[in-house]
Amino acid sequence: MALAQAGEWDVVHSRDVTELALSLFDQLRGLHGLGPEARELLRYAGWLHDLGYRISAKGHHKHTHRLVSNADLSGFAPWEIQVMAAVGRYHRKRRPRIEHKELEGLSTEQRGLVKILAGILRVADGADRTHFGLIRQVRVTLGADLVVLSLVAIGRADLEAKYAQRKADLLERVLGRTVQARLLVISPSEVLADQRVFWC
C-alpha cells in the first residue's frame, strides 16, 4: 500500500478492479484450481496494476512492471514480486509469451500462474474501462465449453462490457473455453447484497 500511495494513484479504480478480479478468481476456482496464496498475489497485483501512470500513461503497463520489479517489498519472495510485476505488465496489450524477458527465471508453474492471474485482471480492468465503477458485480455461469460473465450494472455500461470482452483473450486461452461478457442492467432497487470484496 505504501508503494501504491507513493505517487499519483487512482485508488477507486484500483479498488474496483481488484474487487472484480477477486470475485472472478473465486467463481472460476473450479477451473483454475489455484489457492489462497495465488489469490493474495492477485489482490496485490490489482492494487498496483496502474502504478506506471506515475511515469506515463503511454506504456504504463511496462512502467508498472519496472516499478514493481524494483520495489523494496520485504516479506515477498523474489519470484512472488516477479509474478506481481508480470501480472501488472500483462494486464493490457500483449499476452505473455515464453520468450519474454519478464518471465525469465520463473518456473513453468509460475509462468502459468502469471497467465491465469493476468487473464483475470485483464477482464476486470476492461470492466472498469471508464473508471466510473459502473459494474457492481460479476456473475459467472459455466457451461461445457463456455464461460458467461454477467456484468451487473446500474444503468448503461456498454463500454465496460465491450472492453471486458475484448480483454478476455488471455482468459479464454488459459481456461480453454470461450468467454462471453454480457451486460446485465438492473435498477438500484434490484441490487443484491454487494458480493464484491472490500478492503479496509
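Predicted model: local features only at pLDDT ≥ 70, side-chain atom pairs only at ≥ 80, totals over all residues.
Residues are numbered from 1 along each chain as its sequence is written, and side-chain values use heavy atoms, with hydrogens and water left out.

Q: Why is D125 called buried?
A: A residue is buried if its relative accessible area is under 20%, exposed if over 50%, and partly exposed in between, with a 1.4 Å probe and protein chains only. D125, which lies in helix α7 (residues 108–126), has 12% relative accessibility and therefore counts as buried.

Q: What makes the pair D125 and K167 a polar contact?
A: A polar contact is a pair of N or O atoms within 3.5 Å; within protein, one must be able to donate a hydrogen and the other to accept it, and residues adjacent in sequence count only if both atoms are side-chain atoms. The side chains of D125 and K167 make such a contact at 2.8 Å.

Q: Why are α2 and α4 called roughly antiparallel?
A: Axes are lines fitted to C-alpha atoms, for helices over the stretch in contact, and angles run from 0 to 180 degrees between N-to-C directions. Angles under 35 degrees count as roughly parallel, over 145 as roughly antiparallel, 65 to 115 as roughly perpendicular and the rest as oblique. The axes of α2 and helix α4 (residues 36–48) cross at roughly 155 degrees and come within 8 Å, and the two helices are therefore roughly antiparallel to each other.

Q: How do you know that β1 and β2 pair?
A: Two strands pair if DSSP finds at least two bridges between them, and β1 and strand β2 (residues 146–154) are joined in the antiparallel sense over seven bridges. One of the bridges in this pairing links T141 to V148 in β2.

Q: What makes the pairing in the sheet mixed?
A: The open sheet has the order β1-β2-β3; β1 and β2 pair in the antiparallel sense, whereas β2 and β3 pair in the parallel sense over nine bridges.

Q: Why is β2 described as largely enclosed?
A: Seven of the nine residues of β2 are buried, so the strand is largely enclosed by the rest of the structure.

Conventions
Helix = DSSP H or I, 4+ residues; strand = E, 2+ residues; numbered from the N terminus.
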